[in-house]
Amino acid sequence: MNGLALQARDLVKSFGDFVAVDHVTLEVARGEIFGFLGPNGAGKSTTIRMLCGLLTPTSGLALINGIDVAKDPEEVRRNLGYMSQKFSLYDDLTVEQNIDFFAGMYGVPRDRRNQRKEYALEMARLGERRAALTGSLSGGWKQRLALGCAILHDPPILFLDEPTSGVDPIVRGVFWDLIRGLSATGHTIFVSTHYMDEAEYCHRLALMHRGKVIALGTPSELRHKQSAHSLLRLDSSEPLETMRALEQVSGVVDVAVFGGGLHVTVDDPDATAERIRQKLTAAAIDIHRLEKILPSLEDVFVSMIEGEERRAA
Amino acid sequence: MSFRRTRAVFVKELHHITRDSRSLALALAMPVMMLLLYGYALSLDVDHIPALVYDQDNTSASRDLIRQFEGSRFFTIRGFPAGYRQIEHDINFSTILIGIVIPRGFGDDLQSGRGGEVQLLVDGSDSNTSAIAIGYAESIVQGYSARARVRNVTPAAPPPVDARMRVWYNSSLESKNYVVPGLIAVILMILAGQLTSLTIAREWEMGTMEQLLSTPLRPAEMLLGKMAAYFVVGLVDSAIALIIGLVVFTVPFRGSFLVLVASTCLFLFGVLCWGIFISAGSRTQVEAYQMGMLSTFLPGFLMSGFVFAIDTMPKLIQVISVVVPARYFVAILKSVFLKGVGMSAIWDQMVFLAIFGGLVFWLAARKLRNQKVA
């Protein structure tokens, strides 16, 4: 066995003329938390569905634990847990009935069934609500139950398609604690999200845009990758006038409002910073802060996607 | 094929069924309502035909003939007009179905051995009933005139040939005796088709199908598990229909209970699989419901031979009816209820039911196998 939990090679899915997934190639190591990011409609869910064998790829290859998804889908399904974007447990069954059903589906051995069920209930903190109708649970509880059901058979790899969408920040935090816990016990987690702050929790990331993976690496690799430009943080007394003034400074590539200040993308940070200082001083604008900063993942992704869009246009 | 997964699906479906008490109540009340409604409404017996008699002859012979009509349970004489106008009016207003005109000289004709003739004016807008009414009236008139001729002309001669009919199996010729067993078959077809026709479409609509497809569950296991759960409901429905047939409609049951159970199981299996097949081809419950209704209701009523004889239908319809499972079940139920025959007389119908069940199971499993998230 190699150390890879997942391999995708040139996965393509087209619906008629529309190419939803365009030659995606990925490798995920065992125990990794692999984040799959991108705007809505980028092809994240379609990719995940192909990796799980729910969708047949137009072309390309997907291997889970070294098993070809197209050749032995049943064996693959035994090895994975899947949580779809849309809640997909039975609302008219109780918490416990849902767990029992999926334990049956995954063929959890009889002697381990109770233990797994209690584990899932405890993990989802639904022990006291085991007899409640699933439909009566709120969104966050439902998501945790869905995660509990997806790991009943202790699958080595777990696919979570936007597990935290529509869930409040506190529950999201709890959810990521669970994911980290699972990763620590050797589970591989493939998780898609469009929350950029969640990207920081992942070991490695892929950024998807219009069906293509446009960036791949660890969070810090991605932050440093944007080497052609640097980012300056600029806080001043007159942000709007500052923006206007910056348009005339050579070396400034882009200016964006960020919190109470500005993020200025520049070519040559030291020289450009000096020019900015002169320009603003001449315009009688006070500079509270001007320094080179490491871009956040959000900066990186936004600029990457904008770059892609510019290239396409 | 995993027994454990099949059983898990079965248990889950039972939870759905018992949770949704309104649908369950409806599924159990349906056979009662339909049997009572159709059982009483679909009486094909023609008796107490409203009639008017215009007696132009007014002799003892004509009055004697009128008494024959009055004595028959097939006719109810509503009056004795003195002309055609009243008969025409009443036929137009549908208050009578037949007018009987006994012409002047009827008694004399009988007396002289020429045989009497009677004019019948019938409302032909309901051709079926009027043909039956004509038949009854003719037989009364002919019987009467034959007897009169024998009496008057050659008192010593032996009577003409007298054919006596004996009807087997439904000796009282009551239509309910053959309508109700057939009706049970048709109702079970509609019900069973309905029960399962929503089950796959619902999984799609709720988004739960995606989760199911991500598990190792196989199509045949899903099919069998779901089928088994609704099979239980179908059997209860069958028992309800049977009891109503026997108790309320007092249909005789002459056959083997075992044959009844075996054929019912075979039939339910086929039709439940049909419902799942329909469901697997639909992505919404509305679509599945309409397809289910369309493919069970009309063929069930029209092409099962439960009232309308298949032999007299156009060739094309006859060919189509071969794939209507109710056709075989209707034949089996009529045989089991009325004829009391054993397996030997209906095995061919059973084989057809088995073939249908096997074929539809295979089709449904194949359809489920091809289900992918789109």
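Biologist: In what order do the four strands of the open sheet in chain A come?

Modeller: Some ground rules before that: this is a predicted model, where local features need pLDDT of at least 70, side-chain atom pairs count only at pLDDT 80 or more, and totals for chains, interfaces and linings use all residues. Residues are numbered from 1 along each chain as its sequence is written, while chains are lettered from A and ligands numbered from 1 in the order in which they are written. Now, the general idea: strands of a sheet pair through backbone hydrogen bonds, either parallel or antiparallel. In chain A the order is β12-β13-β11-β14, with antiparallel pairing. Strands here are DSSP runs of E, at least two residues, and helices are runs of H or I, at least four residues, numbered from the N terminus. Two strands pair if DSSP finds at least two bridges between them.

Biologist: Which are the edge strands?

Modeller: β12 (252-258) and β14 (287-293) of chain A, as each pairs on one side only. From one strand to the next, the twist averages 20°. β12(A) is joined by six bridges to β13 (261-266) of chain A. For example, A:A256 has A:H263 in β13(A) as its bridge partner.

Biologist: What lies across these strands?

Modeller: Helix α10 (269-282) of chain A lies across β11 (230-236), β12, β13 and β14, running at about 170° to β14(A). Axes are lines fitted to C-alpha atoms, for helices over the stretch in contact, and angles run from 0 to 180 degrees between N-to-C directions. After α10(A) comes A:A284, with a positive phi near 60°.

Biologist: Which residues of α10(A) are buried?

Modeller: A residue is buried if 20 or more other C-beta atoms lie within 10 Å of its own, exposed if 12 or fewer, and partly exposed in between, with C-beta atoms placed from the backbone. In α10(A), the buried ones are A:T272, A:A273, A:I276 and A:L280. Looking down the helix axis, they fall within an arc of 105° (taken from the directions from the axis to the C-beta atoms), so they line one face of α10(A). The face turned away from that buried side carries the exposed residues A:D270, A:A271, A:Q278, A:T281 and A:A282.

Biologist: How many residues does each chain bring to the contact between A and B?

Modeller: Residues are in contact if their C-beta atoms, placed from the backbone, lie within 7 Å. Chain B brings 21 residues and chain A brings 22 residues. On the side of chain B that touches chain A, α1 (3-19) and α9 (208-213) of chain B each supply at least two residues. α1(B) gives the most, with eight residues.

Terms used. Two residues are in contact if their C-beta atoms, placed from the backbone, lie within 7 Å.
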